[in-house]
Amino acid sequence: MKKRLTIFFAAAVLLIGVYFISELFRSEPPKPTITAGNKKIGFAQGSYCWSGLFSGKCSDMVAPPELIKYAGLNPVVVSPESQITIKFRSKPKKNSMGAQLWKNNDRTAETVQLKNQSLTVPKEKGVYIYGISANWRKGSSIYFFVVEV
């Protein structure tokens, strides 16, 4: 029994160590999981800056409509006033997440309220591009996704 317990704790310590070491060497920001109900929504990485243990990098991307097109993202159909949830495995700094709404083919964005890492889509039919920005201790990033109401 003692031997099994020792092996279990050794494995747990090893897994935790691997996780922290991988975080030290990460050279890009964490990726989000974006969902509407049980539908997973694909996203495109926008501009970001990130510094790992031995390297740092900034990457500037094209405007959201072109980025969505380049990434080959098709709109995910959602119901009017649906809740979209954005989760990161590595939590962003407190109060650093933001959301912007881009009308399809428009070059302007408006701020959208995020509540508990969720936003509500409009009730009007249309195609909407959203940007989700976040900051971490090692940098910042923005991600874009597209839905059709």
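Trainee: Strand 10, residues 127-136: mostly covered or mostly open?
Mentor: Mostly covered. In this predicted model, seven of the ten residues in strand 10 are buried.

Trainee: What does strand 10 pair with, and which way do the two run?
Mentor: Strand 10 is joined to strand 11, residues 139-148, by ten bridges, and the two run antiparallel.

Trainee: How many residues sit between strand 10 and strand 11?
Mentor: Two, and the strands form a hairpin.

Trainee: Where does strand 10 come in when you look at the largest nonpolar core?
Mentor: That core has 25 residues, and the ones touching the most other members are I84, L119, Y130, F145 and V147. Strand 10 gives the largest share, five residues.

Trainee: Which other elements give two or more residues to the core?
Mentor: Besides strand 10, they are strand 1, strand 3 (44-51), strand 6 (83-88), strand 7 (98-103) and strand 11.

Trainee: What does V147 touch, sequence neighbours within four places aside?
Mentor: V147 is in contact with I41, P75, V76, V78, I84, V121, G126, V127, Y128 and Y130. Of these, I84 and Y130 are also among the residues that touch the most other core members.

Trainee: What about I129 and I142, where do they go?
Mentor: Into a second, separate core of eight residues, which also includes L67 and V146.

Trainee: Changing topic. How many salt bridges are there?
Mentor: The count is two. E28 pairs with K31, with the closest N and O atoms 3.6 Å apart. E28 also meets K57, again at 3.6 Å from N to O.

Trainee: What does the E28 and K57 pair tie together?
Mentor: E28 is in the loop between helix 1 (2-25) and strand 1 (32-36), while K57 is in strand 4 (residues 56-59), so the pair links parts that lie 29 residues apart in sequence.

Trainee: And which residues end up in one network?
Mentor: E28, K31 and K57, joined through salt bridges that share partners.

Trainee: How accessible are E28, K31 and K57?
Mentor: E28 is partly exposed, at 32% relative accessible area. K31 is partly exposed as well, at 39%, and K57 counts as partly exposed at 38%.

Conventions:
Residues numbered from 1 in each chain as written. Predicted model: local features only at pLDDT ≥ 70, side-chain atom pairs only at ≥ 80, totals over all residues. Heavy atoms only, no water. Salt bridge = Lys/Arg side-chain N within 4 Å of Asp/Glu carboxyl O. Buried < 20%, exposed > 50% of the residue type's maximum accessible area, 1.4 Å probe, protein only. Helix = DSSP H or I, 4+ residues; strand = E, 2+ residues; numbered from the N terminus. Pairing = 2+ DSSP bridges. Core = buried A, V, L, I, M, F, W, Y, C linked by side-chain atoms within 4.5 Å. Contact = heavy atoms within 4.5 Å.
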